[in-house]
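Good morning, colleagues. Please take a moment to look at the sequence and the structure that I am about to show.

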Amino acid sequence: MDINQRDSFGSKFGVIAAAAGSAIGLGNIWRFPYILGENGGGAFLLVYLLFVVGIGIPVMLSEFTIGRSAQRNAVGSFIKLAPGKPWYLVGVMGVGAAFMILAFYTVVAGWTLEYVYQSVINGFHGKTQLEIGQMFDHFRETSRPVIWFAIFMLMTLGIVIAGVKNGIEKYTKILMPILLLILIIISIRSITLPGSSQGLKFLFYPDFSKITPKVILEALGQAFFSLSIGMGTLITYGSYIQKKEDLMNTAVSVTMADTLIAVLAGVAIFPAVFAFGIPPAAEEGLVYKTLPVIFQQMPGGYLFSLLFFVLLAVAAVTSTISVLEVIVAYFSEELNMSRKAATWLGTISVGVLGIFASYSGKVFDVLNFTSANILLPVGGLFIVLFIGWYFGRKRTFAEISNEGVLKARLFNVYLFLVRFIAPIAIALVFLNGIGLIKF
Ligand code: TRP
């Protein structure tokens, strides 16, 4: 395909909205709070923030650099920049990870639609905390989750098939600002509840005795997952960024937006959870089992419930389209399929895996844990090694500075992080977290 014919994001705001739309999603609002709840609260948050800045930003910038430099999908980019070398396997692993992530992620996105529906019909009304918990468990035993999953896959397909500028960019530009606004309203509601301060303490007060190798690995995995890095999503999006945009600025803005939303989700959820005496370690049901209880105990709960689950669905769809796009860009550019055929093939094959993830909690857990804590960090490790030690200083600087137009003042800091700090930190956390080394 000719480079000039490739689709691209039309504006600077469009780029940031699309990349932030990918990053901000169920990872921030569903996954971050329950992983933080399971891994000790404030101490986890601190480790998480360190990883976001020291590893997340460098990996994100590296992905943008690879994608925009090559103007190809996640696999094709490595083939183009390192012809005849095995680096393309990083892209292949990324496409594989995309299937796994999309399969379980869209299942959770489907739950969100059920909860939008329940909010509309006021289905939580008059139920106790126990009954609402059972509602979630019972719902997962029926065939409804699979139906919602299929609907969500089709929504994703519909947007992706329309292409980058008219599909992805158009929707995220409208949806992202609405999302931020709704979350702020819910956060204000949450911190003004009586007894909310315990939740803020849980979220922000670091208890260092809670830190273990597994907690540190979970924080790393969560950072990768939340920022959409380590599997080529942002290589693919990077390939649609025009040559005049500032990549470093984009990476920092997207990371800040993503982190803000995750912390806001924590502020929305934990004070309310503590105010009503609900245990924070409620696993993947945290959002679905506790928030409806909270909503119906607060004034305006019907409206907040509806807004919240619509918000979750919106955040999820701007992320699922970015994961599907990895698969579609690969199929269409490397296997010479039409965009339409590629989108359908991707959707159907993810659909099959997703049915298993929907019916089996085991399959779901394996996909969730393996993708975030194993595939993404390993992918991220090779991405920074590629930029730091193969692509080299000259070509990297040319891409990041837009051929010398931008000053890129922090370039040397970035290169140092990419060459030394990020690879060593990822390797140590990973090996220690899975128990291969001990220190
Ligand atoms: N980051 C998104 C979220 O937090 C999910 C996501 C989109 C993702 N693209 C990804 C996760 C690529 C890992 C890799 O909801």
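I begin with a definition: an angle of 65 to 115 degrees between two axes counts as roughly perpendicular. Please bear in mind that what you see is a predicted model.

With that in hand, let us turn to a pair of helices. Two packed helices are described by the angle between their axes and by the distance between those axes. Helix H15, residues 339–359, and helix H16, residues 361–391, have axes that come within 5 Å and cross at roughly 115°. H15 and H16 are therefore roughly perpendicular to each other. Which residues make the contact? On the side of H15 they are Leu353, Phe356, Ala357 and Tyr359, and H16 supplies Gly361, Val363, Phe364 and Leu367. Of the residues in this contact of H15 with H16, seven are nonpolar, one is polar and none is charged.

I move next to charged pairs. The model has eight salt bridges. One of them, with reference to the residues involved, joins aspartate 137 and lysine 289, whose closest N and O atoms are 3.2 Å apart. Aspartate 137 belongs to helix H6, residues 129–141, and lysine 289 to helix H13, residues 286–296, so this pair ties together parts that are 152 residues apart in sequence.

Finally, the surface. A nonpolar patch there is formed by Trp389, Phe416, Phe420, Ile421, Ile424 and Leu428, which together have about 590 Å² of accessible area. Which helix provides the largest share of this patch? That is helix H18, residues 411–433, with five residues. Isoleucine 424 is found in H18.

Thank you for your attention.

Technical notes: Residues numbered from 1 in each chain as written. Predicted model: local features only at pLDDT ≥ 70, side-chain atom pairs only at ≥ 80, totals over all residues. Heavy atoms only, no water. Patch = residues over 30% accessible without salt bridge, like charges linked within 9 Å, V, L, I, M, F, W, Y side chains within 5 Å. Areas by Shrake-Rupley, 256 points an atom, 1.4 Å probe, with all protein chains shown as cover. Salt bridge = Lys/Arg side-chain N within 4 Å of Asp/Glu carboxyl O. Helix = DSSP H or I, 4+ residues; strand = E, 2+ residues; numbered from the N terminus. Axes fitted to C-alpha atoms, helices over the stretch in contact; angles between N-to-C directions. Parallel < 35°, antiparallel > 145°, perpendicular 65-115°, else oblique. Contact = heavy atoms within 4.5 Å. Nonpolar A, V, L, I, M, F, W, Y, C, P; charged D, E, K, R; others polar.
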